[in-house]
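Student: I am new to this structure. Please take me through one part of it closely, residue by residue.

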Amino acid sequence: MLERSRRKKHTEITFVIPAGQACGQVSVVGDFNDWQPGAHPFTEREDGTRSVTVTLPREQRYGFRYLAHGDYWFNEGQADDQDGHNSVVHT
């Protein structure tokens with residue numbers, strides 16, 4: 001799930017993994033962090049979901065995927081779009 005907080009010059013995108021989804025340690029990797037594993041790791045919230053927030057310039061398009069322990073890649077089911085193997089978010 002994606003949560004957005006739009007500001008005048010940027011958008012905060014919060015990437016959320018549902019509670020109970022077993023996938024170990026996870027990070028979001030994409031165009032915004034040069035596909036660097038571990039640059040934006042998820043942390044657990046009180047409700048059991050896990051999230052990470054990334055601040056990005058407005059009116060841009062970014063490809064991304066989730067990377068879990070064991071080199072397991074997966075996509076965001078509620079992304080704005082898909083581009084090949086990647087999920088896409090529009091700010």
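Tutor: Let us start with one residue. Thr91 has a relative accessibility of 6%, under the 20% cut-off, so Thr91 counts as buried. Keep in mind that this is a predicted model. Thr91 sits in the segment that follows strand S9 (86–90). What does the side chain of Thr91 reach? It reaches the backbone nitrogen of Gln60, at 2.9 Å. Neighbours within four places in sequence aside, Thr91 is in contact with Arg6, Thr11, Ile13, Leu56, Pro57, Arg58, Glu59, Gln60 and Tyr62.

The whole structure holds 8 aromatic pairs. Take Phe15 and Tyr66: their ring centres are 6.3 Å apart and their planes stand at 90°, so this pair is edge-to-face. Phe15 belongs to strand S2 (residues 10–17) and Tyr66 to strand S6 (residues 61–68), so the pair ties together parts 51 residues apart in sequence. Phe15 is buried, at 0% relative accessibility. Tyr66 is buried too, at 1%.

Now back to Tyr62. Its ring forms an edge-to-face pair with Phe32, with 6.1 Å from centre to centre and 70° between the planes. This pair also links distant parts of the chain. Phe32 lies in the loop between strand S3 (26–30) and strand S4 (43–44), Tyr62 lies in strand S6, and the two are 30 residues apart. Phe32 counts as buried at 17% relative accessibility. Tyr62 is buried, with a relative accessible area of 12%.

Last, the wider group. Ring pairs join Phe15, Phe32, Phe42, Tyr62, Phe64, Tyr66, Tyr72 and Phe74 into a cluster.

Conventions: Residues numbered from 1 in each chain as written. Predicted model: local features only at pLDDT ≥ 70, side-chain atom pairs only at ≥ 80, totals over all residues. Heavy atoms only, no water. Helix = DSSP H or I, 4+ residues; strand = E, 2+ residues; numbered from the N terminus. Buried < 20%, exposed > 50% of the residue type's maximum accessible area, 1.4 Å probe, protein only. Polar contact = N/O pair within 3.5 Å; in protein donor to acceptor, adjacent residues only side chain to side chain. Contact = heavy atoms within 4.5 Å. Phe/Tyr/Trp six-rings, centres within 6.5 Å; stacked < 30°, edge-to-face > 60°.
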